[in-house]
Amino acid sequence: GMCLEAFQERVWETAFASPLRLEDFTERQEAAVARFKGKLMLWVNNVRSKILECLKKASVKWYNINESNFETYLASRLRSMLLLTRLMMSNAVLLLGEDNLANYARS
């Protein structure tokens, strides 16, 4: 779901109607990267919010979001779930980068 949404984003602008001067090209690419960075931060915040929302609604309290003991947290299901979430998000960003680089090289 949310990882696939991020995968559809574009980092660089690749559709140009006509040739550009170097300064214009650089300016457009920097603006595209800044837009992407904002969307990426929004995506991270949305994932974080959705996880917290779902954990608060959970009927089974295996995932204690208020755990204060670090050793208990390290052995908890919450840590395992958050680690898996982080790996899935990292993989989505990696695939996004590879796809965008390939599209940029083709254009």
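This is a predicted model: local features need pLDDT of at least 70, side-chain atom pairs count only at pLDDT 80 or more; totals for chains, interfaces and linings use all residues.

User: OK, at what angle do H2 and H4 pack?

Analyst: About 160°, with the axes of H2 (residues 22–57) and H4 13 Å apart.

User: So are they roughly parallel or roughly antiparallel?

Analyst: Roughly antiparallel, because angles over 145 degrees count that way.

User: And is the crossing left-handed or right-handed?

Analyst: H2 and H4 cross in a right-handed sense.

User: Which residues meet there?

Analyst: From H2 you have Phe-25, Gln-29, Phe-36, Leu-40, Trp-43, Val-44, Val-47, Ile-51 and Leu-55. On the H4 side they meet Leu-78, Met-81, Leu-82, Thr-85, Met-89, Ala-92, Val-93, Leu-96 and Tyr-104. By class, the H2–H4 contact has 16 nonpolar residues, two polar ones and no charged ones.

User: Switching to loops. Where does Ser-76 sit?

Analyst: Ser-76 is in the loop between helix H3 (70–74) and helix H4 (77–106).

User: Buried or exposed?

Analyst: Buried: the relative accessible area of Ser-76 is 17%, and the cut-off for buried is under 20%.

User: What does its side chain reach?

Analyst: The Ser-76 side chain reaches the backbone nitrogen of Arg-79, at 3.2 Å.

User: And Gln-8, where is that one?

Analyst: Gln-8 is in the loop between helix H1 (2–7) and H2. It counts as exposed, since its relative accessibility is 62% and exposed means over 50%.

User: How far is Gln-8 from Leu-96?

Analyst: In sequence, 88 residues; in space, 7.6 Å from C-alpha to C-alpha. Leu-96 is also among the H4 residues that meet H2.

User: What about Glu-13, which loop is it in?

Analyst: Glu-13 is in the loop between H1 and H2. Its side chain makes a polar contact with the side chain of Arg-28, at 2.5 Å.

User: What else does Glu-13 touch?

Analyst: Leaving out residues up to four places away in sequence, Glu-13 touches Gln-29, Ala-32 and Arg-35 as well as Arg-28. Gln-29 turns up in the H2–H4 contact too.

User: Last one: where's Thr-26, and how far is it from Leu-87?

Analyst: Thr-26 is in helix H2, and its relative accessible area of 33% makes it partly exposed. Thr-26 and Leu-87 are 61 residues apart in sequence and 32 Å apart in space, C-alpha to C-alpha.

How values were computed. Residues are numbered from 1 along each chain as its sequence is written. Side-chain values use heavy atoms; hydrogens and water are left out. Helices (H or I, at least four residues) and strands (E, at least two) are DSSP runs, numbered from the N terminus. Buried means under 20% relative accessible area, exposed over 50%, partly exposed in between (1.4 Å probe, protein chains only). A polar contact is a pair of N or O atoms within 3.5 Å; within protein, one must be able to donate a hydrogen and the other to accept it, and residues adjacent in sequence count only if both atoms are side-chain atoms. Axes are lines fitted to C-alpha atoms, for helices over the stretch in contact, and angles run from 0 to 180 degrees between N-to-C directions. Angles under 35 degrees count as roughly parallel, over 145 as roughly antiparallel, 65 to 115 as roughly perpendicular and the rest as oblique. A crossing is left-handed if the near helix is turned anticlockwise from the far one by less than a right angle, and right-handed if clockwise. Contact means heavy atoms within 4.5 Å. Ala, Val, Leu, Ile, Met, Phe, Trp, Tyr, Cys and Pro count as nonpolar, Asp, Glu, Lys and Arg as charged, and the others, Gly among them, as polar.
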